[in-house]
Amino acid sequence: HNQRTATRPLPTDTKHLCSHTRESLDDMALARATAGMAARLSAVQAPVAAAAPVAARAMLATKAGEVQRPLSPHLTIYRLPLNAMTSIAFRGTGVGMTVGLAAVSLGLAGTGTSILEMTTALHEAGVAPLVRAAVGGALAYHFGHGMRHLMWDQVKGHEIKEVEQGAYALLAGTATATLLAAVVEF
């Protein structure tokens, strides 16, 4: 596009414009944004920046042909860091244990079965080690991650290396506790 098009401000109210004009304005805004990004990239990254408008346009297009903005960071192309994955799993174990406890409690109350009868039935069915591993693993993980949060509240372990080491220690401790819960009967 020419110099006049690149510097002219784009209209903000496009309700009165036809869809073709709105699409052209979207294309111009996208081209300006990607051109601005490309200008800021180093020479090593320039080949990637040259492909950015095409890749961005393909990512923004929907089935209906309208343009929607991507999520940031776009989760289909972005790999979450280990700490983010452990944080999500922390929430998942909390929700899972809450739902599981509520389901077991309601089930026992609804059937009039005692907890002793249920555990005996699990042993007889041969699934007791799996249940112990699932519950023990979730408890160990959630407890361990909670301890990490308590440590962080004391302003300890905030360096990236320490956070990553803590995540690996949490995973190793959870694996150990899960294995122990599966094999040790009490």
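I began with contacts, meaning heavy atoms within 4.5 Å. Of the contacts in the protein chain with a separation of 6 or more, 58% come from residues 24 or more positions apart.

**Ground rules**
I noted that this is a predicted model, where local features need pLDDT of at least 70 and side-chain atom pairs count only at pLDDT 80 or more, while totals for chains, interfaces and linings use all residues. Residues are numbered from 1 along each chain as its sequence is written, and side-chain values use heavy atoms, with hydrogens and water left out.

**Overall make-up**
I looked up the helices and found seven of them, with zero strands. Helices here are DSSP runs of H or I with at least four residues, strands are runs of E with at least two, and both are numbered from the N terminus. Along the sequence the pattern reads α-α-α-α-α-α-α.

Next I checked burial: 17% of the 186 residues are buried. Buried means under 20% relative accessible area, exposed means over 50%, and partly exposed is in between (1.4 Å probe, protein chains only). The accessible surface of the chain is about 13,400 Å², and 67% of it belongs to carbon and sulfur atoms. Those areas come from the Shrake-Rupley method with a 1.4 Å probe, and for residues only the protein chains shown count as cover.

**α4 against α6**
How do the axes of α4 and α6 cross? Helix α4 (residues 82-111) and helix α6 (residues 128-153) have axes that come within 9 Å and cross at roughly 125 degrees. So α4 is oblique to α6. For angles I use under 35 degrees as roughly parallel, over 145 as roughly antiparallel, 65 to 115 as roughly perpendicular, and the rest as oblique. The axes are lines fitted to C-alpha atoms, for helices over the stretch in contact, and angles run from 0 to 180 degrees between N-to-C directions.

I listed some of the residues in this contact: α4 gives Phe 90 and Met 97, among others, and α6 gives residues including His 145 and Trp 152. By class the contact has seven nonpolar, nine polar and one charged residues. Ala, Val, Leu, Ile, Met, Phe, Trp, Tyr, Cys and Pro count as nonpolar, Asp, Glu, Lys and Arg as charged, and the others, Gly among them, as polar.

**A look at His 145**
Is His 145 buried or exposed? His 145 sits in helix α6 and is buried, with a relative accessible area of 1%. Leaving aside neighbours within four places in sequence, I found His 145 in contact with Thr 86, Ser 87, Phe 90, Trp 152 and Leu 170.

**α4 against α7**
I then turned to α4 and α7, which pack at about 45 degrees with axes 9 Å apart. Leu 82, Asn 83 and Thr 86 in α4 meet Val 163, Glu 164, Ala 167, Tyr 168 and Leu 171 in α7. I counted this contact by class as five nonpolar, two polar and one charged residues.

**Two exposed residues**
Val 155 is in the loop between α6 and α7 (160-183). Its phi is positive, about 60 degrees, although Val 155 is not a glycine. Val 155 is exposed, at 67% relative accessible area.

Ile 115 is in helix α5 (residues 115-125) and counts as exposed at 52% relative accessibility. I also noted that the C-alpha atoms of Ile 115 and Val 104, eleven residues apart along the chain, are separated by 9.2 Å.
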